[in-house]
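This briefing walks through selected features of one protein chain, grouped by topic. Please keep the sequence and the structure at hand while reading.

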Amino acid sequence: MKRFGYILSIGALLLAAAAGCATYVEEGGVKYLALSSDEQRQLVLASRFTLEQRGKQLTVAEREMIANQEPEVTIRYNGDQSGKAVIRWVGKKRSIAMHYEGDLQPESRQRMVYLVVEEPQPDVLDFTGDKPVRRSFTPSERRGQEIIRMQ
């Protein structure tokens with residue numbers, strides 16, 4: 001019985017230590033529970049797997065780039081571990097991005113995922129903000145608008 005008590009207390013300590021390591025981000029004055037670096041890595045791996053399955057839409061060079069290059073990961077939270085994430089690989093000719101909306105946890109099925117392939121358009125200025133911003137890529141094509149849609 002004592003052994004069970006020790007095991008239970010060690011488990012409680014480990015759980016408390018894991019909970020204390022949680023990362024929070026602040027968006028719009030509100031704190032949200034963020035994805036851990038491991039969960040972000042799993043999201044990148046899921047993106048690579050999905051793009052690997054869509055081989056006909058990508059060139060051999062693009063598939064190699066996705067397999068070997070680390071992507072740009074941008075996440076905007078609107079809830080605990082939920083919001084919008086963009087995982088983008090920028091190549092010489094095109095940019096390939098996977099967009100996630102909803103619950104961003106890797107094991108979740110409550111999100112929408114789609115692929116955007118962008119082609120460069122030099123000297124494009126974006127006047128939507130306070131100052132003009134030069135954009136090197138603009139969305140030109142939405143292939144498989146909803147590759148995966150889980151609700």
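Predicted model: local features only at pLDDT ≥ 70, side-chain atom pairs only at ≥ 80, totals over all residues.

Gln 110 is found in the loop that links strand S5 (95-103) to strand S6 (111-126).

- Gln 110 and Ser 82 are separated by 28 residues in sequence, while their C-alpha atoms are 9.7 Å apart in space.

**The loop residue Gln 81**

- Gln 81 lies in the loop between strand S3 (72-79) and strand S4 (82-90).
- The phi of Gln 81 is near 55°, which is a positive value in a residue other than glycine.
- Gln 81 has a relative accessibility of 9% and therefore counts as buried, since the limit for that class is under 20%.

- Strand S1 (residues 24-27) and strand S2 (residues 30-33) run antiparallel and are joined by four bridges.
- Within this pairing, Tyr 24 stands opposite Leu 33 in S2.
- Two residues lie between the strands of the hairpin, in which Gly 28 adopts a positive phi near 65°.

**Helix H3 and its surroundings**

- Glu 62, Met 65 and Ile 66 are buried in helix H3 (residues 60-68).
- When H3 is viewed down its axis, the buried residues fall within an arc of 95°, so they line one face of the helix.
- Ala 61, Ala 67 and Asn 68, by contrast, are exposed on the other side of H3.
- The partners against which the buried residues of H3 pack are helix H2 (37-53), S4 and S5.

**The chain as a whole**

- The protein chain contains three helices and eight strands, and from the N terminus on its elements follow the order α-β-β-α-α-β-β-β-β-β-β.
- Of the 151 residues in the protein chain, 32% count as buried.
- The protein chain exposes about 10,400 Å², of which carbon and sulfur atoms supply 54%.
- Where contacts in the protein chain are between residues at least 6 apart in sequence, 46% of these contacts join residues at least 24 apart.

Notes. Residues numbered from 1 in each chain as written. Heavy atoms only, no water. Buried < 20%, exposed > 50% of the residue type's maximum accessible area, 1.4 Å probe, protein only. Pairing = 2+ DSSP bridges. Contact = heavy atoms within 4.5 Å. Areas by Shrake-Rupley, 256 points an atom, 1.4 Å probe, with all protein chains shown as cover. Arc of directions from axis to C-beta.
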